Each structure stands twice: as structure tokens, then as C-alpha cells.
Amino acid sequence: MQSKSRANVTKIVAGGNGNGYEANQLYAPSDVILDTRTHTLIIADLANRRVVRWPLENGTSGDTVISDIACSALTMDENGFLYTVDSEKHAARRYQRGLPVSTIVAGGNGRGDRLNQLSDPQSIFLDRDHTVYVSDNSNHRVMKWLEGAREGIIVAGGQGKGNGLQQLSNPNGIVVDQIGTVYICDSGNNRVMAWVKGASQGSIIIGGDAAALDRPIGLSFDPFGNLFVVEYGSHWVQRFDFLWSPPRASAIFIPKNSLWKQHGLIVAGGNGIGNAVNQLNQPYGLFVDHEQTVYVADNGNRRVMEWKSNAQEGQIVPTGNQNKSNSIASPTDMILHQMTDSLIICDAVNRKVVRWHHRKETSGTTILSRIPCFGLSIDEAGSLYVVDIEGHAVRKYGSGDSTRTIVAGGNGQGDRLNQLSDPRYIFVDRHHTVYVSDNSNHRVMKWLEGAREGIIVAGGQGKGNGLQQLSNPNGIVVDQIGTVYISDSENNRVMAWAKGASKGSIVIGGDEAALDRPIGLSFDPFGNLFVSEYGSGKVQRFDFIWRPLRASAIHIQKSAVWKQHGVIVAGGNGIGNAVNQLNQPYGLFVDSEQNVYVTDSWNRRVMEWKSNAQEGRTVITENESESNPLVAPMDAILSPETDSLVVCDNANRKIVQFPLRQDATGTIILSKIACFGLTMDEVGSLYVVDIYWHTVRRYRSGDSTGTVVAGGNGQGDRLNQLSDPRYIFVDRHHTVYVSDNSNHRVMKWLEGAREGIIVAGGQGKGNGLHQLSNPNGLVVDEWGTVYVCDSTNN
């Protein structure tokens, strides 16, 4: 069947004449590819044990090109050679164009699980190096066979059939991207997995609770990175749109008021200013890829340097040798374009933009000329955004052509909202909004797509070092919630300006972390910040400090004190069910805006109380018309990345995720669990107290089984046991703290430990300073001080 984009009808393009073996019939076709050279379809006609070529336009019958083969899948290389999967003979074969003779390229040694065998192979993918990837269905793994190899390499699964992140269950369709990540239809688990090259486990990208799939079988990308999935069970094909990540952006969610270590790690240069391969000279822009390889515009040395993670020396990518064509005279910025495996470089002095295939010993290619470029970026469609420093503008160039559109500035040098003055660097987000460091205006401007004027999002209060000011800003990046990070060069600091804020905060620099003319700025996928320093000839990495849920954003000094007279922020109007009342509240969560979310247990609801509000708002309630009513909510956390509350419903033995928008209903993400308290770590793993089994389990995304991280050895008071655990706290090292209620103690379990450590109480029930009495809620500060609700001691 052929279905045009946005079409309401489909067209039969092959078969459609009933099951049969005639030339105009098909019987259980299992795969199809389009041969663009001949404009024909090549079809795996499984039950007829043949491969058929069928004209795409008005074809009434097909021609058999391969016979006597149980072909479950096929693909084609650039030479027109056909690769087929023979599921009966447990092999993949290559057929030269027009010849019946084949060569085994994977398997072919009988059915089995050895590295030179396959068992019921189902799907195949071929990369540019003629490496063959095969979904080895009954071995629950994906195998990679290099060209000419006698054995394959397990690249996904191979740990037995199961639903763990290191396992697969009857995998089918597979595709592989340019950096070697394998995408798999994990059919038996109703999910699509992504396995990064060399990883020991995969991640769920589609499926699980967020997107229900029913026996996914086929898988394909379109040219824009959108993923199409064929579902055998539901008889449809779904498209899942790609969420493009802008260059230099973090892949993880960065909450407000996040922190970075103030003592950086030198990752490039740092050996004095010079031109040796371990030195830099006046570095400008930088780019960090997914493997933490740093590319830096080494301006003073007229070169771009590539520094692998943990390398002591860099590698020169393009050279400044004037004898070579398209030599680099003054590189100011560059980006790595992964689709073409090339660096795109701004050469300001030569007034050009050059594409350099950095893994080939060849010269670069000029793709734009006569432009005094400084900074650049690229969007998901391949359109290039270039800063024209002399024209005081940012120009957008469509992919593959030289047409240009002004997207920021372009109205002469000045400080009006439609002007720029010496713009330097840019960031382009998913909505094609352009952020520009407007250097001589000491501000950062934001230009919405199609806008005629920009919006000042940082600075603009004159040159200075106040928190509302900038001084010659350069590199910029923007996170998912619109916070702008800026190399405030002349102030020797990196600033963060929250969306809509009138002033910024210093995240790196000042007295704690000395910077020397910071210029370039980039996140890596893990939220770490990389800064190039023009003055000191180095690049530093400042590690992201994830803040545990319910933890303080500020440093709390030892022996700190709090006022003894509190301010009522929720309830306080007697016990009841009005919107200004609570009835037996249990767990609570406070967000960065000081909004309080509280599980109002006996009212069977979760309430949100805005800061300084006189009344609360019911965000989740018992409502029998809803699909997932609450009965006994005991704890709740806010997941800012998904803008949802995750709630423990103890009486219903389930955990439910509720989007905060008012028209949404909850989704059960875990069931059959007597949950009480819960929290989440930086990668989205959920930690849940199961009060019935006296244990704490960690559930990674998509995992319904969980891993015991505390207790799990029955009810008791030994160091490997818990008794009626209630609430938990997980720190940056994934250490789990548990309020062990009936043992009147708090236990600390290091990651991977078989026993816990008593860190509070454990001296029997009592009111002495060395005792606790039925502890509940707890939090831990950066010093390791544990704060405990010692409930029956009030």
C-alpha cells in the first residue's frame, strides 16, 4: 500500500488480487524497498518463497528476481546489490545485480546462538561501509557483521529474553544512524529501543507507558529524522516526530537555579599560549559533540583543533598552510554537522564559510563567500545561520543554495530593537528563534521567527558588572526552559538569565572560578558547560551539579538555624475539604517558584498552593468519572521536564502520572505496588518505597520490574532489612536514605550496597536526642546532614 503525506486515502501499488502465486499476486509479503534507479518496488513475497520486482507506477504484475528463499527482509547498497534475510537458513545473503549467485554476509552456520550463527533472523540494515546489522529474533539480540567477517558482534540484547534495559524480546525492524546508534523494534516488549554504539544497555525512545505500541514490527526514518513504526497488533503505521536538539544544547533537562562546579577541568590547551599540539592561542568559538570531543577555533594559530575526551594533546583538523586551497586564516566559530561528518567553519578574515570533512586528508570547500562571518549555527533542516559582523545582521541560508534571509538586525549599526552592533555568536532553538550576543550593545537579543524587531533577554542596561548588566558578551547557549547562558567576556564570568528575568546570576566566574576572557560556550549532552578562554589559551569543563528532588538550591552551613515561628503556606483553616483546608496531609513537594504540592490524603486529592495564596487548587482529585481516581495519595513529586505530577496512590497500589494541564487524565506507570514515598534521579529513574515488602526499588524508564536498592530481605531490624519504610531521599551519588518507620531510624544505602548504614536513631523508640519515634519525611543537605520528621515526637 502507498499512503501519500496528509492523504486520506491509500493506493494499492502491488498485489491486491488475493493470496496466490501468480505474477499479479502476493502471499504474505514481509518487506519492501524502493529502487529509485528503476522506479520499482522490490518485495519480499514470503509465503511464495520469492523476491519480486514490481513497477511502482501502474504496475499490474511483478517479475521474480530471486526464487526459493524464505525472505523476511531485504535492503540494497549503492551498487544495486541486494541483501536478503533467509529466515529458514538463518542467514543474510548478498546478490549482485542481475546474477543469481549469492554470498553469505551473516550467519549461514546453522541455527544457534554462537557468534557465527543466527536464529530466526527477521530484519536487516546496511550502512555505508557495507556493515550488516541483523535482528536475531529468537536469540533476542541484534548482531553486527563487518564486511567479510566470519563472526558477528552483539550490539544490542543478548542477555536472554526480557524487558530489562539490557534485554530484548523478539526484536524485528532495525535502523542505524550515522553515529552507530541502533534503533530496534523490541516487539515482545511493545517498545522501540535505542542502543548507543558500545553501550551495555539501551534506552526506550517510544513505547512503555508514554506511547502504547502493539507489536511493533517495521521501522524507518524519513529524511527529517521522524520515526515511522508499523504495528502488527493494531494494524496501523504511526509517525513519531523527531525532537531536534540545537547545536551546543544540553540533552538533559536543566532546572532553574542549577549549579555547576566552580573549579573547572582543563580539556584543551592549558599549557601556555603557543602553537604546539598541546597549546592554544586566542581560542574563540567551540563545539562539543556527544562523545565530549571538543572542537575549538584556535584563532591565533589559524587552525581548528580537535581534542578527544581526556586527551593530553589535540589534533589539527584544517591547517593554516597558505599553499592549500581554502586555508583557514582567522577561524572564529565552527559547528560539527553530523549528517555530513564535516566541520563548518567561519573564517572572518577570508570572509567565507568553509566545509571541511575532518576525517579526510583533503582541503575544505567554500560554501559561502564574501561574508565577514563571526558566529554560526544550523537548524534541523540544514539551513545555516551566519553572523555578518560588518552588516550587523544574522542571515539564514537555505540548505543547498545561496539564498539568504535576514533573521536578525540588518537595519544598520545601532541600539534600536531592530538593530545590532557588532553581533558575535548565535543560538537557534527548536522554534527557529534566534538568540544573538549583541556585543557592542552589551546585551543579548531574541528574534522570533519572522519578527521585525528583537527582544532584549539579557543586559541592555549599559556596559557594567552589575547583575543586570553585561560587558561585551560573546558565546551563548539556551536551555529547554529558555534560560540564556552567556560568556560575559569583559567581566570574566558566565551568566545565566532565566526567561523573563530582569537580571542574571553568575554561574561560573567571580571569585570562585577565575576566568580569563571567556569567549566560546557549549553544553555537552550531560549538561556540563565548556568555556574557551581567550586570555589563558585553554578550554575548561565545568561539571553540572544535579540537585536532588526536595534539596536546597543554596549552601546550608553547618549549625544553621531557622526561625521557630513558621508561616502557614497551605491549609490552616481547620480540618475539612474546602479549597482552603486540608485533611491528614502526607507528602509534599515545593518547586522553584515556592508552589507547594501536598497529598491531601483523606480528601483523596493533591493540592497546589501558589506562593502567598489564601486558597489551594485541586490538581488531582478522586473523581469516579476519571480513568484513574485517587484513593489514598501518600506522596507526590513534580517532574518539570514532563510538567506532570507523579503520585503514590497507596490504597490503589499504583503510581500515577498526571499532566498539570487541566484537561488531562492520569496514566498508570506502575501497578501492584504498595507505594508510600517516592523520588526521582537525574536520568528519570523512579525510586519507590514498597511498604508491604519493606523495600525500596529503582525503576528505570520503561522498566516494570525494578531493582532493589534498599531492604528486600523481609521485615526486620538487621542492617539488610527495613520495617515499614516510609519516605526516601536520593542524593547525587544515588545513595538512598530511608525513613525506617517501625525501626525508629534512618538508613543510608550506598549504590549497590547489600546492607544499609544507620545515620539517625536506631536506639529504640524514644524522645532522646539520640532517638527517633516513627520517622517520616526526610531530606539531606550537601554536607550530608539528615533532616527528619520525627513524627510522634512532634
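Student: In which loop is Arg49 placed?
Tutor: This is a predicted model, in which local features need pLDDT of at least 70 and side-chain atom pairs count only at pLDDT 80 or more, while totals for chains, interfaces and linings use all residues. Residues are numbered from 1 along each chain as its sequence is written, and side-chain values use heavy atoms, with hydrogens and water left out. Strands are DSSP runs of E with at least two residues, numbered from the N terminus. Arg49 lies in the loop between β4 (40-45) and β5 (50-55).

Student: What is the phi of Arg49?
Tutor: Most residues other than glycine have a negative phi. Arg49 is a residue other than glycine, yet its phi is positive, near 55°.

Student: Is Arg49 buried, partly exposed or exposed?
Tutor: Buried means under 20% relative accessible area, exposed over 50%, and partly exposed in between (1.4 Å probe, protein chains only). Because its relative accessibility is 28%, Arg49 counts as partly exposed.

Student: Is His140 buried or exposed?
Tutor: His140 is found in the loop between β12 (132-136) and β13 (141-145). The phi of His140 is positive, near 55°. With a relative accessible area of 11%, His140 is therefore buried.

Student: Which residue forms a salt bridge with Asp136?
Tutor: A salt bridge is a side-chain nitrogen of Lys or Arg within 4 Å of a carboxyl oxygen of Asp or Glu. Asp136 is buried because its relative accessibility is 0%, and Arg141 is buried because its relative accessible area is 4%. The closest N and O atoms are 2.7 Å apart in the salt bridge that joins Asp136 to Arg141.

Student: How far apart are the closest N and O atoms of Arg443 and Asp438?
Tutor: Arg443 has a relative accessible area of 3%, so it is buried. Asp438 has a relative accessible area of 0%, so it is buried. In the salt bridge between Arg443 and Asp438, the closest N and O atoms are separated by 2.7 Å.

Student: How many salt bridges does the structure hold?
Tutor: Side chains of opposite charge can pair when their charged atoms come close. Asp35, Arg53 and Arg97 are linked in a network of such bridges. The number of salt bridges in the structure is 23.

Student: What is the order of the four strands in the open sheet?
Tutor: Two strands pair if DSSP finds at least two bridges between them. The pairing in this sheet is antiparallel, and the order is β40-β41-β42-β43.

Student: Which are the edge strands?
Tutor: Each edge strand pairs on one side only. These strands are β40 (473-478) and β43 (505-509).

Student: What is the bridge partner of Arg493 in β43?
Tutor: Strand β42 (residues 493-497) runs antiparallel to β43, and four bridges join them. In β43, Arg493 has as its bridge partner Gly509.

Student: How many residues are in the largest nonpolar core?
Tutor: A nonpolar core is a set of buried Ala, Val, Leu, Ile, Met, Phe, Trp, Tyr and Cys residues joined through side-chain atoms within 4.5 Å. Val434 is among the residues that touch the most other members of the largest core. The number of residues in this core is 42.
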